[in-house]
Amino acid sequence: MNKAPYSDVSRTFIAGHTGLLGGALARAGSRTSALVLRTHAELNLSDQPAVEHFMQAERPSRVILAAARVGGIHANSTYPVEFLADNLAIYTNVIESARRAGVERLIFVGSNCSYPRAAPQPITEASLFQGEVEPTNSAFAMAKLAAIELCRACNQQYGTRYLAVMPTSLYGPGDNYDPANSHVAAAMIRRFVKAAKDRTPVETIWGSGSPLRELLYVDDCATAIHLLADLPDAQFDALLAASRYPVINIGGGTEVSILKLAQQVADIVGYTGEIRTDPAKPDGVPRKLLDNSRMAALGWQAKVSLDEGLRLALADYRARYPAND
């Protein structure tokens, strides 16, 4: 007989709650669990003894592992050692300490960049490990793949119930707007706010502008992850057993070219100058649309449109960085 999903006293540790997705997960909360949160100053996830002590002391019922060192093409290409080593340390520390502490469920946040560069579109979960990843972010992707394999191995060897989610590219409130480390939507917002302020006549974006990106508003993704975390045991276990690797996609269903995204952000910001492309710069993977059919079968779909989401993200940027506007 299946247990009830969780008791009123169960607790969820959100690792990385100050980041883009972690912040949205904390905002969304959970129907069935109180949240346990720690800042980096309070708990350094790269510190194995500290993580072990935390898990043993707190004994959360479940863990959502959203912490990571993240960045765009430039950061991934410039600092591959840090993206691999730092993330491997975080993932191993949290997953292994959670196992030893008897955590009932763990949800690891993977990434669509972990799928093969040449995967058939839309990308199904079965494509995982079936080819080479995009070279411009291979270190980051390999760390994610290692964590997914660790989740699978724990489930096999110890009977744990660890699931990896594979979100598409996220954006929204709480995003990272650092010039060297931001992802595409955040980078566009920062760039065109500055261009509009400075009245720059021409703005040049990296690459040909032709690659397609599927974008998902971060609060939609958080809702999907909490839905998965709150599933009854039978449904949760069915997801784990569906394939060799315990993964499920979270896709938004909205694709846009890099050039079209730049034009849309420029329009929302009010930039009226010319937008050019620079084909000498790397494009990254040409397309990575996720197959979202399994989440759709659970009754979830994205609600926030790209236009609405970009406007909300822009409002967040302006509130956080008024001096840049």
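Student: What should I know about the model before starting?

Tutor: It is predicted: local features need pLDDT of at least 70, side-chain atom pairs count only at pLDDT 80 or more, and totals for chains, interfaces and linings use all residues. Residues are numbered from 1 along each chain as its sequence is written, and side-chain values use heavy atoms, with hydrogens and water left out.

Student: At what angle do helix α6 and helix α9 pack?

Tutor: Two packed helices are described by the angle between their axes and the distance between the axes. Helices here are DSSP runs of H or I, at least four residues, and strands are runs of E, at least two, numbered from the N terminus. Axes are lines fitted to C-alpha atoms, for helices over the stretch in contact, and angles run from 0 to 180 degrees between N-to-C directions. Helix α6 (residues 184-198) meets helix α9 (residues 258-269) at about 45 degrees, with the axes 9 Å apart. That makes α6 oblique to α9. Under 35 degrees counts as roughly parallel, over 145 as roughly antiparallel, 65 to 115 as roughly perpendicular, and the rest as oblique.

Student: Which residues of α6 and α9 make the contact?

Tutor: Contact means heavy atoms within 4.5 Å. On α6, they include Met188, Ile189 and Phe192. On α9, they include Leu261, Val265 and Val269.

Student: Which residues of helix α1 are buried?

Tutor: Buried means under 20% relative accessible area, exposed over 50%, and partly exposed in between (1.4 Å probe, protein chains only). In α1 (residues 20-28), Leu20, Leu21, Gly22, Gly23, Ala24 and Leu25 are buried. Their cover includes β1 (11-15), β4 (105-109) and α7 (218-229). Just after α1, Gly29 takes a positive phi of about 65 degrees.

Student: How many residues does the largest nonpolar core have?

Tutor: In soluble globular proteins, nonpolar side chains tend to be buried together. A nonpolar core is a set of buried Ala, Val, Leu, Ile, Met, Phe, Trp, Tyr and Cys residues joined through side-chain atoms within 4.5 Å. The largest one has 43 residues. Phe13, Leu45, Met55, Leu65, Ile95 and Phe108 have the most contacts inside it. The largest share, 9 residues, comes from α5. Beyond its neighbours within four places in sequence, Ile95 contacts residues including Leu65, Leu106 and Tyr162.

Student: Is Ser127 buried or exposed?

Tutor: Ser127 is buried, with a relative accessible area of 9%. Ser127 sits in the loop between β4 and α5. Not counting residues up to four places away in sequence, Ser127 touches Tyr115, Pro116, Ala119 and Pro120.
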